[in-house]
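Please find below a colleague's note on the structure.

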Amino acid sequence: MSNVEIENVLTQMRLVAAQSSNTPPDQTVNTDFSQILKDSIDKVNDTQMKAGQLAKAFETGDTDADLAEVMVSLEKASISFESMLRVRNKLVDAYQEVMNMPM
């Protein structure tokens, strides 16, 4: 997770905590959930693209990158994709739970 994503999660947690205690939050945040989600997906895509380019450059010998750097880059891409996949699964579960609620 990048620092921006961590800050977004912390801000959301502060807002939820402030709302549950009925006190006004110390910051007003005007963030759009869909924009945050899109930005996160774009970052994961960028990470995967950079890792793929670095691996291809290493395979062809075009770069001075060592094997450890390539492996770390590929692992970061894998972890970020797995994290995004888990978030998506949680969102789908939450959506299904809401849709199954009686009206």
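1. Phe-33 is partly exposed, because its relative accessibility is 48%, and a residue needs over 50% to be called exposed. The model is a predicted one. Phe-33 belongs to helix α2.

2. Phe-33 is also one of five members of a surface nonpolar patch, together with Leu-37, Ile-41, Val-87 and Leu-91. The accessible area of these residues together is about 400 Å². Two helices, α2 (33–60) and α3 (67–99), each provide at least two residues of the patch. The largest share, three residues, is supplied by α2. In general, residues three or four places apart on an α-helix point the same way, because there are 3.6 residues a turn.

3. Is Lys-56 buried or exposed? Lys-56, which also sits in α2, is exposed, because its relative accessibility is 57%. Its C-alpha atom is separated by 9.4 Å from that of Val-70, a residue 14 places away along the chain.

4. The length of α2 agrees with expectation, because its 28 residues should span 40 Å at 1.5 Å a residue and the C-alpha atoms at its ends are 41 Å apart. Just beyond the helix, Gly-61 adopts a positive phi of about 80°.

How values were computed
Residues are numbered from 1 along each chain as its sequence is written. This is a predicted model: local features need pLDDT of at least 70, side-chain atom pairs count only at pLDDT 80 or more; totals for chains, interfaces and linings use all residues. Side-chain values use heavy atoms; hydrogens and water are left out. Patches are made of residues with over 30% relative accessible area and no salt bridge: like charges are joined within 9 Å, nonpolar side chains (Val, Leu, Ile, Met, Phe, Trp, Tyr) within 5 Å. Accessible areas come from the Shrake-Rupley method with a 1.4 Å probe; for residues, only the protein chains shown count as cover. A salt bridge is a side-chain nitrogen of Lys or Arg within 4 Å of a carboxyl oxygen of Asp or Glu. Helices (H or I, at least four residues) and strands (E, at least two) are DSSP runs, numbered from the N terminus. Buried means under 20% relative accessible area, exposed over 50%, partly exposed in between (1.4 Å probe, protein chains only). The expected span of a helix is 1.5 Å times one less than its number of residues.
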